Amino acid sequence: MIRSCLVCNVPFQENEALEHLPRGRRVAFDSDRGRLWVICQSCRRWSLVPLEDRWEAIEELEKAVRDRGKVLSTTDTIALMRVGPLEVVRVGSASRTEEAWWRYGRELIRRRRSYGKLTAAAGAASAAVVLGGWAAGGLSMIGGWWLWSQAPDGIKRGARWMRFGSAAWRGRRSCDRCGHEFTDLSFGERQNLVLLPRADAPGEVVLGARCPRCRDLEAGGGLRLEKREAERTIQRVLAYHHFDGASEQRVRSASRLIEEAGSARDLTRILLRKGRRVGDLQRTGAIALEIAAHESSEQRFLEMELAELEAVWRKEEELAAIIDGELTDVPLLESLRRKAVGRISS
Ligand SMILES: [Zn+2]
Ligand SMILES: [Zn+2]
């Protein structure tokens, strides 16, 4: 069984997820061609698993992907999936077991559950411990996250503050009309923030805030955030807005909205048409927007990664074909496969 990278010799990490391939956190497989690689966490190169060790592992992976796999991103040729602790590159046309947006929907449902739990489990003792840790300055980011999912009702507001801070955005901009200087946007004013579709890039959103001095926004004044800055701020504002998560039914309705629109981007474009105040958004629409905002930024990142993976796979597949002796015929592979299966099961 393969234990370390064939290129740099660094041992593969154990995964505790696959019986027949216990090492490697990132693996690639192609069940049509019978290939299996472990991708090195250190040098990122692919190590081809020896032929006799492949078959059960491929079958096991195929099943794991079918039963528990979450599709992160796909092209026509490969799919990047997550199965428990494993990242799996699956070669071959992928059946989309799960749309990417549904994963984030689950996150919202989970948020609702932990919010409910923390409401029910009001415990002064745990609050004291958490607040004690916070006062002593010993509460880390992770502590904050923990608090967010665990803290009892009385300090929910504190939990939200610790997770998000008080400002949705900080920077330095001035109003084009009166020169008023913007340095931050607080979450407290989120209801009045305006989401506008970008005229030159449908599906992208501009985040606008009315100028507190000249009251302008429509005539070119006020604060306008665009592109990545807008995207990040909108994600933060909506996550703050939906701090208590959403019910499964709500997430389903929101997901249906995205499906009917066609894509996350289309949903954003349709929903915002001529611009909407955050406070005027319907709950389901707002949840759909949060999912869409998350989806499009994550998707862009994944697509870049996937293009890179596909290029690597092409090279590795060429090499694997040579190593496996593609010219020796399939019956030989098949007999090896039988031998391997027989050996394990007997
Ligand atoms: Zn390596
Ligand atoms: Zn102004």
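Analyst: Two residues count as being in contact if their C-beta atoms, placed from the backbone, lie within 7 Å. The model is a predicted one.

User: Which residues of H7 meet H8?

Analyst: On the H8 side, the residues involved are Ala264, Asp266, Leu267 and Ile270. By class, this contact has 6 nonpolar, no polar and 1 charged residues. The H7 residues that take part are Leu257, Ile258 and Ala261.

User: How are H7 and H8 oriented to each other?

Analyst: The axes of H7 and H8 are 7 Å apart, and the packing angle is about 95°. Angles of 65 to 115 degrees count as roughly perpendicular. H7 and H8 are therefore roughly perpendicular.

User: H7 also crosses H9. What is the hand of that crossing?

Analyst: The axes of H7 and H9 come within 8 Å and cross at roughly 70°. That makes the two helices, H7 and H9, roughly perpendicular. The crossing of H7 past H9 is right-handed.

User: Which residues of H9 meet H7 in that contact?

Analyst: H7 contributes Arg250, Val251, Ser253, Ala254, Leu257 and Ile258. Sorted by class, the contact of H7 with H9 has 8 nonpolar, 3 polar and 2 charged residues. The H9 residues are Arg283, Thr284, Gly285, Ile287, Ala288, Ile291 and Ala292.

User: Which element gives the largest share of the largest nonpolar core?

Analyst: That core has 39 residues, and among those touching the most other members are Ile258, Ile287, Ala288 and Ala292. The elements that give two or more residues include strands E7 and E10 and helices H6, H7, H8 and H9. The largest share is 7 residues, and the element that gives it is H9.

User: Leaving aside neighbours within four places in sequence, what is Ala292 in contact with?

Analyst: Ala292 belongs to the H9 side of the contact with H7. Ala292 is also one of the residues that touch the most other members of the largest core. With those sequence neighbours left aside, the partners of Ala292 are Ile258, Ala264, Leu267 and Thr268.

User: How many residues are in the second, separate core?

Analyst: Among the members of this second core are Ile2, Ile39, Ala79 and Val83. The core is separate, and its residue count is 34.

User: Over the protein, what percentage of the residues is buried?

Analyst: The protein has 10 helices and 12 strands. A residue is buried if 20 or more other C-beta atoms lie within 10 Å of its own. Of the 346 residues, the buried ones make up 32%.

Methods
Residues are numbered from 1 along each chain as its sequence is written. Chains are lettered from A and ligands numbered from 1 in the order in which they are written. This is a predicted model: local features need pLDDT of at least 70, side-chain atom pairs count only at pLDDT 80 or more; totals for chains, interfaces and linings use all residues. A nonpolar core is a set of buried Ala, Val, Leu, Ile, Met, Phe, Trp, Tyr and Cys residues joined through C-beta atoms within 7 Å. A residue is buried if 20 or more other C-beta atoms lie within 10 Å of its own, exposed if 12 or fewer, and partly exposed in between; C-beta atoms are placed from the backbone. Helices (H or I, at least four residues) and strands (E, at least two) are DSSP runs, numbered from the N terminus. Axes are lines fitted to C-alpha atoms, for helices over the stretch in contact, and angles run from 0 to 180 degrees between N-to-C directions. Angles under 35 degrees count as roughly parallel, over 145 as roughly antiparallel, 65 to 115 as roughly perpendicular and the rest as oblique. Ala, Val, Leu, Ile, Met, Phe, Trp, Tyr, Cys and Pro count as nonpolar, Asp, Glu, Lys and Arg as charged, and the others, Gly among them, as polar. A crossing is left-handed if the near helix is turned anticlockwise from the far one by less than a right angle, and right-handed if clockwise.
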